[in-house]
Amino acid sequence: MRVLLIGANGFLGRYVADRLLADPAVQLTALGRGDDADVRFDLSSGSPGALTRFLDAVHPGVVINCAGATRGGARELTRHNTVAVATVCEALRRSSCGARLVQIGCGAEYGPSQPGSCTAEDATPRPGGPYGVSKLAGTELVLGSGLDAVVLRVFSPAGPGTPAGSPLGRLAEAMRRAMQSGDGELKVGGLGIQRDFIDVRDVARAVHAASLSAAQGVINIGSGRAVRLRDAAAVLARVAGYGGALHELDVPPGIVRPSIGHPRSEPEHTAPAAHPYPDGCGSWQQADVRTARDRLGWRPRIHLEESLADIWMEAACRI
């Protein structure tokens, strides 16, 4: 099976590439903006016609789009998460390859949900920020394209390579700084939020399964369990051997701090924000993952403690 992977150098893309390369039946070609891609192509500025010509030459059976942006202003997010998807869809419509499209979406497309609820694929998306809006627009383009396509809505990915700007990445870095300075107290913001964390290697397994399946539409990829960030912080402290005290920052409504944690020796600063939860998902998010089980034969395998241990191993290397 010939697979074209777009965004192989990203957090998710690297593990998807590893998973596909481990399958002897897959012939993988990586397309991206980096020098180490098999083919260099920028989806946000390249033309559908140029991509169509490449598709006709390579003739993949499956195209997996892991490319996108998680940070930046509305214009940048739109370019990388919406315009880029439009380019892929248009190129596939023009191409004679007839490839199946596996698009990586995100749980932020749903926006805030009621505490205690489990979000299924038929929930009405109401993204609470520009990132979720840009990703939802990309999903709608895929669903309306008429292609053989599936969108995997990945909730909160974690594990080795977790971006430093994510909640768990910021938490690990703050703990590393506290341990390095010998600080016995760590002040952390947002400990009350609850998210559905899923290991990036389990996400790669889901992408692999989706590429082999005939499933279409939207499929949630998560653990099916919301975890309070305070509990994740406690596990991370145990894994790291940090014996200090964890205290939640007292932040007024509508105010967020520039990072998730500060050693007590640092001055405390607050910065205004448009939304108290930067991902736009409110205080709670939990995926209903029954569709992934029924249509992909997929279940998560890696527990959050293992994901956190791997996150800490990378942070500890910087001590």
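A residue counts as buried when its relative accessible area is under 20%. By that cut-off, four of the five residues of strand S11 are buried, so S11 is largely enclosed by the rest of the structure. The model described here is predicted.

**The sheet**

S11 belongs to an open sheet of seven strands, paired in parallel and ordered S3-S2-S1-S4-S5-S6-S11. Strand S3 (39-40) and strand S11 (217-221) form the edges; each has a single partner strand, so one side of each has no neighbour in the sheet. The partner of S11 is strand S6 (residues 149-154), which runs parallel to S11 and is joined to it by five bridges. Within this pairing, valine 150 is opposite glycine 217 of S11, and leucine 152 has isoleucine 219 of S11 as its bridge partner.

Helix H1 (residues 11-21) lies across strand S1 (2-6), strand S2 (27-32), strand S4 (62-65) and strand S5 (100-106). The direction of H1 is at about 165° to that of S1. Helix H6 lies across S4, S5, S6 and S11, at about 150° to S5.

H6 covers residues 200-212, and its 13 residues reach 19 Å from the first C-alpha to the last, close to the 18 Å expected at 1.5 Å a residue. Of these 13 residues, 10 are buried, so H6 is largely enclosed by the rest of the structure. The buried set includes Val200, Val203, Ala204, Ala206, Val207 and Ala210, and also Asp202, Arg205, His208 and Ser211.

**The H7 and H9 pair**

Helix H7 (residues 229-240) packs against helix H9 (residues 304-316) at an angle of about 55°, with the two axes 9 Å apart. The two helices are therefore oblique to each other, and H7 passes H9 in a right-handed crossing. On the H7 side the contact is made by Ala232, Val235, Leu236, Arg238, Val239 and Ala240; on the H9 side it is made by Leu304, Glu305, Leu308, Ala309 and Trp312.

Alanine 237 lies in H7. Glycine 222 sits in the loop between S11 and strand S12 (227-228). The table gives the relative accessible area of each.

| Residue | Relative accessible area | State |
|---|---|---|
| Alanine 237 | 8% | buried |
| Glycine 222 | 0% | buried |

The C-alpha atom of alanine 237 is 9.6 Å from that of leucine 308, although the two residues are 71 residues apart along the chain. Leucine 308 is one of the H9 residues that meet H7. With neighbours within four places in sequence left aside, alanine 237 is in contact with Met175 and Tyr242.

Glycine 222 and glutamine 286 are 64 residues apart in sequence, and 7.8 Å separates their C-alpha atoms. When residues up to four places away in sequence are not counted, glycine 222 touches Asp196, Ile198, Ala287, Val289, Trp298 and Pro300. With a relative accessible area of 0%, glycine 222 falls under the 20% cut-off and is therefore buried.

Definitions and conventions:
Residues are numbered from 1 along each chain as its sequence is written. This is a predicted model: local features need pLDDT of at least 70, side-chain atom pairs count only at pLDDT 80 or more; totals for chains, interfaces and linings use all residues. Side-chain values use heavy atoms; hydrogens and water are left out. The expected span of a helix is 1.5 Å times one less than its number of residues. Buried means under 20% relative accessible area, exposed over 50%, partly exposed in between (1.4 Å probe, protein chains only). Two strands pair if DSSP finds at least two bridges between them. Contact means heavy atoms within 4.5 Å. Axes are lines fitted to C-alpha atoms, for helices over the stretch in contact, and angles run from 0 to 180 degrees between N-to-C directions. Angles under 35 degrees count as roughly parallel, over 145 as roughly antiparallel, 65 to 115 as roughly perpendicular and the rest as oblique. A crossing is left-handed if the near helix is turned anticlockwise from the far one by less than a right angle, and right-handed if clockwise.
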